[in-house]
Amino acid sequence: MAERSTNPRSSDDESDLGADIEGLGVFYLGRRVDPDAGKPGREPLLLDARRLTTHAVCVGMTGSGKTGLLISLIEEAAIDDIPAIVIDPKGDLANILLTFPELRPSDFRPWLEEDAAKRDGLTLEELAEKTAKKWADGLAASGQSGERIARLRESVDMAVYTPGSSAGRPLAMLASLEAPAKAILDDPEARRERIESLVSGVLAMAGIDAEPGRSREHLLVSAIVDALWKSGQEVDFGTLVRAIPAPPIERVGFLELENFFPAADRFQLASKLNTVAAAPGFDAWLHGEPLDVGRLLWTPAGKPRVSVISIAHLNDTQRMAFVTLLAGQAVSWMRSQAGTSSLKALFIMDEVFGYLPPTANPPSKTPLLTLLKQARAFGLGIVLAMQNPVDLDYKALSNAGTWFLGRLQTARDKARVLDGLEGAASSSGAGFDRARVDRLLAGLEQRMFLLHSVHDDDETVFQTRWTMSYLRGPLLREEIKRLQGAVPETTGSVARVNPFAAGAGGGGAGPRPLLPPGVREVFLSPDGPVPTGGLLYKPAILGRARVRFTHTKARIDCDREMFCLAPAGDQLGESAWEGGRQFAEVPEVETAPLAGGFAGLPPALAAAKAYASLGTSLKNHLARTAKLTVFTAPSIDAVSRPDETEGEFRVRIAQQVREWRDKEIDRISDKSAAKLASLNDRIARARQKVEKQKAEAKNKSMQTYVSIGTAVLSAILGRKVASSTTVGRAATSMRTASRATRQQADVVHAEESLSDLEEKLATLEEEVGADLEKVRLEANPDRLVLESIEIAPKKTEISVDDVVLAWVPAVESFPVTRGEGAATRRPWGGDA
C-alpha cells in the first residue's frame, strides 16, 4: 500500500481531523478526494515515508499547487526528523523558513508587498491582519495549528545557502576538489564516479561541453585529478589549473601525453579555466561552508537540517556546474552509508528541466541517474519536480515509484504521463487502466493531485493540505539575506586552520639558528599566504606517538596516532608538555622555511640528547593525559566508533531507532490487521442485520395495525353481534401483534450485538493506539540519553615515534630574512 495509516479509525469517523493526521513514519499530505463528487472528504491522505526511498516525481503546470506540495513534503519530513537537501532554482522553496507559530500579523508584515496592499485597497497593517487570519483559518481547516508549526521549527535546523553569493550562507563549491574519504579512493568504481562528476562540474564552470569518458578534455583533467589524489597532494582550483600545462602524468591510456593532448592545446584549456578564476566575484566560490553532504543534512551536534540551496541568482552555466558537483558529492556520501529500508534523508530538486533530459547528455545527468538507480538502498529518497513530463529522461521516470500528477498544460503532456505510467506498470507486471487514469487527470483542479504508486493497484486523488510555511513566492537575494540574518553562519567554513597556531618561544627576530648534528627541525606551514611583513618562526617541540586504547565493555580496541605540540622551554621533564595541545591530524610542513625571521632557541633544546629525554617525558605525559572519549546509548546498547563525534553518533543511532520504529509499526499493524478486518466485517454485517430487522419490524407493525383496524371496523360497521369470522379476525390480529412485538425484540437484540462489536473494535483500536504511542515515545531520539566514557591508555601501550624541534610561523613585523630556496608543502612523516 502506498498509504499507511497508523490510526485505525474508520473513514466515516467525523471526529476532529487533527487527531487523524499524526502518525509514526507517515506524511500528512492532504485529504482524499471523492472521484465521483470531485470534492475532498474528511479522510486524510497519509503517505508511508518509506515509499519515498523508491523516489518520486511531481509534475504540474504553473498554478497547479506543485510548490505547496513540495513544501508539505519537506515539512512532514522535518517533523519526522528526516533531513533534506533542497535545490531551489526559482527561490520559492526558501519559503520553508517563513514559519510563524504565533501566527501574528506582525510576523507576516515584513514579507508583504506594499503594491499588493494597494491593489486590495488596504494598508500593509490591514493586509497583514488579513493574511494572518487566512493562514490561521487554512491551517485549522486542515487540522493544523501554530503548535504544529512550533514542532516543525523545533525538529530541524533550517538554512538557505547561496553558492557564489553571500546573501545566504555561502558554499565553497570549488573546495570539493579535495580528495574524498579513503574508502572512496580505494574503491575504483566510486573513485571514477567521484572524479567524473567533479571534472564535469569544473569544465561546466568554464562553459566547456565535455562528455564524460569521451572528450579528451574530460579524460585529461580526470587523469590529472586521479594522479594528484593518489599522490596525497592538497588540490584546489588553482592547483588543477597549473597542473594542466605540466601534468603529473606521462600518458593517457596507452598514448603518450603529447600525442594525446599536445602542450599548446593543454595551455589553451588551462587558459579557459583560468578565465573563470580571473573573473570578478570568483572568490565567492572559494569561501564559505564546505560542499559536504553530511554537513548539509545534519548539524555538528547531529540535529537534522533542511538545507535550501538557492541557485536563482546563478547563470545557466553556473547552475549546471553546481548541480553536477552537488549530485556527485551526494553519490559519494551515499556510498559511505550503511544500507537501510527506512527513509534517511531527502534530495529534492524543483524545475529539473535541462538537468536530466531524454536525449542530450549534460554533465548533471550521470550523477542524477546514479542517485535514482542506487540511492534507494541507502535510504536516500530523490524527489524531482517539473512542469512538463517530456523534460525528464525515460530512465529517470521508470526509477520513480511514486508519482504526484497535477494539472497539465497540453494533451501531449498528459499522453506522455500516461505512456510513462503504462510503461512502469508493464515493467513491474502490474495492471494499468489507462482510460480511468485519463479521466482522473482530466478532472483535476488547483491543488489536486493524482497519486500513483507502483506499490498500489489503484490511483488516489487528493487535495494538498495547507502549508505551515507562508507561501510568500520567490525570494530575492536581499530578502534571503534578511531571512538568514544579517551575519550568515560561517562556523566550519572552508579555511585551512593551523592546529599549531600560537605559540612558543619569544624574543625578537633573528637569523635561523645553527643546530648541532642529531637535532632535527620542521617548519610548520602557515595558515595562509606569507604577509608582506614576513613570518616570525617561534620554537616549539613536536612529538608523534602511537597510543592503543582498549575498553572491553565498550568493545573498543584501536590504535591512534597522536601528536603533541608544546611551547619551547628549558624544561625536559613531563612539565615541558604541560602547556601543549594534543591532536590527531597530521601537521603540514614546508621543506624549507619561508621568508621571515626566527625567535631565540632555549639552550636546553640545542642538544640532541634533550629530545630523547623529551620522548620519555612525552610517554609519561600521554599516559596521564591522553583520553579517548566514546559515547554510549545504554537503552539500545549502542557505542560510538572511536573516530565518531557525538553529533555523528546521534545521527547513526537515530537512523537505527527509525528502522526499529518502522519494524515495530509493521509488527503492530500485521498483528492487528486480521482482528480489525474481522471486526469491521462483522460490524458491517451486524449493521445490515439491524437495518433488515428494523425493516421487518416496521412491516410487521404496519400489518398489525391494518389487521386490528380491519377487525375493529368490521365489528363496528357490520352492526351485528360478533360472528365467528369477526372473532377469528381479531384473534389473527392479536397473533400478528405478538409477532411484531417479537420482531421489535429482535431489533433490540441486533442493536445490542452491533453495540457489543463496536465496543470491541473501540477497545482494539485503543490497544493498537497505546502500542503505537509506546513505540513513538521509545523511538524519540531526544529520549535517548547518551553517556560518555573516557578511555585512558596503559603506559605499556604507548610508543613515542619521534620528537623534533618545530618552528611555528606567526605574523610579525620585523626585518625579513629570505627563505632558503623554494619551499614545498607536505604532510609531516617524522622524517625531518
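Over which residues does pLDDT stay under 50, and how many contacts beyond four places in sequence does the model have for them? The stretch is residues 1–15, with 46 such contacts. Here pLDDT is the predictor's confidence in each residue, from 0 to 100, and a contact means heavy atoms within 4.5 Å.

This is a predicted model, in which local features need pLDDT of at least 70, side-chain atom pairs count only at pLDDT 80 or more, and totals for chains, interfaces and linings use all residues. Residues are numbered from 1 along each chain as its sequence is written, and side-chain values use heavy atoms, with hydrogens and water left out.

**Figure 1. Overview of the chain and its confidence.**
The chain averages a pLDDT of 83, and 85% of the residues score at least 70. Residues 812–822 fall below 50; beyond near neighbours in sequence, this stretch has 27 contacts in the model. Where pLDDT is low, the predicted coordinates should not be read in detail. The chain holds 21 helices and 26 strands. Helices (H or I, at least four residues) and strands (E, at least two) are DSSP runs, numbered from the N terminus. Of the 832 residues, 50% count as buried. Buried means under 20% relative accessible area, exposed over 50%, and partly exposed in between (1.4 Å probe, protein chains only). Among contacts with a separation of 6 or more, 77% join residues 24 or more positions apart.

**Figure 2. The open sheet E23-E22-E24.**
Three strands form an open sheet in the order E23-E22-E24, with antiparallel pairing. Two strands pair if DSSP finds at least two bridges between them. Strands E23 (638–639) and E24 (787–791) are the edges, and each pairs on one side only. Strand E22 (residues 628–633) pairs with E24 over five bridges, in the antiparallel sense. Val 630 has Ile 789 of E24 as its bridge partner. Asp 637 lies in the loop between E22 and E23. Its phi is near 55°, a positive value in a residue other than glycine. Most residues other than glycine have a negative phi. Asp 637 is exposed, with a relative accessible area of 55%.

**Figure 3. Strand E5, covered on both faces.**
In strand E5 (residues 157–161), five of its five residues are buried. Asp 157, Ala 159 and Tyr 161 lie on one side, Met 158 and Val 160 on the other. E5 pairs with strand E10 (residues 305–310) in the parallel sense, over five bridges. Tyr 161 has Ile 309 of E10 as its bridge partner.

**Figure 4. Two aromatic pairs.**
The whole structure has 14 aromatic pairs. Rings of Phe, Tyr and Trp (its six-membered ring) pair if their centres lie within 6.5 Å; planes under 30 degrees apart count as stacked, over 60 as edge-to-face and the rest as tilted. The rings of Phe 237 and Phe 282 have centres 5.3 Å apart and planes at 50°, so this pair is tilted. Phe 237 lies in helix H9 (residues 237–243) and Phe 282 in the loop between helix H11 (263–278) and strand E9 (289–290), so the pair ties together parts that are 45 residues apart in sequence. Both Phe 237 and Phe 282 are buried. For Phe 523 and Tyr 537, the centres are 6.0 Å apart and the planes at 75°, so this pair is edge-to-face. Phe 523 is in strand E16 (residues 521–524) and Tyr 537 in strand E17 (residues 535–551), 14 residues apart. Phe 523 and Tyr 537 are buried.

**Figure 5. Charges over rings.**
The charged end of Arg 216 sits over the ring of Phe 261, 4.0 Å from its centre. That of Arg 482 sits over the ring of Trp 111, 4.4 Å from its centre. A charge sits over a ring if NZ of Lys or CZ of Arg is within 6 Å of the ring centre and within 35 degrees of the ring normal.

**Figure 6. Thr 467 and its surroundings.**
Thr 467 is in the loop between strand E15 (460–464) and helix H18 (477–484). It is buried, with a relative accessible area of 5%. Leaving aside neighbours within four places in sequence, Thr 467 is in contact with Gly 68, Ile 71, Ser 72, Glu 75, Trp 135 and Leu 139. Trp 135 also belongs to an aromatic cluster with Phe 100, Phe 108, Trp 466 and Tyr 470. Thr 467 and Ser 142 are 325 residues apart in sequence, yet 9.3 Å apart in space, C-alpha to C-alpha.
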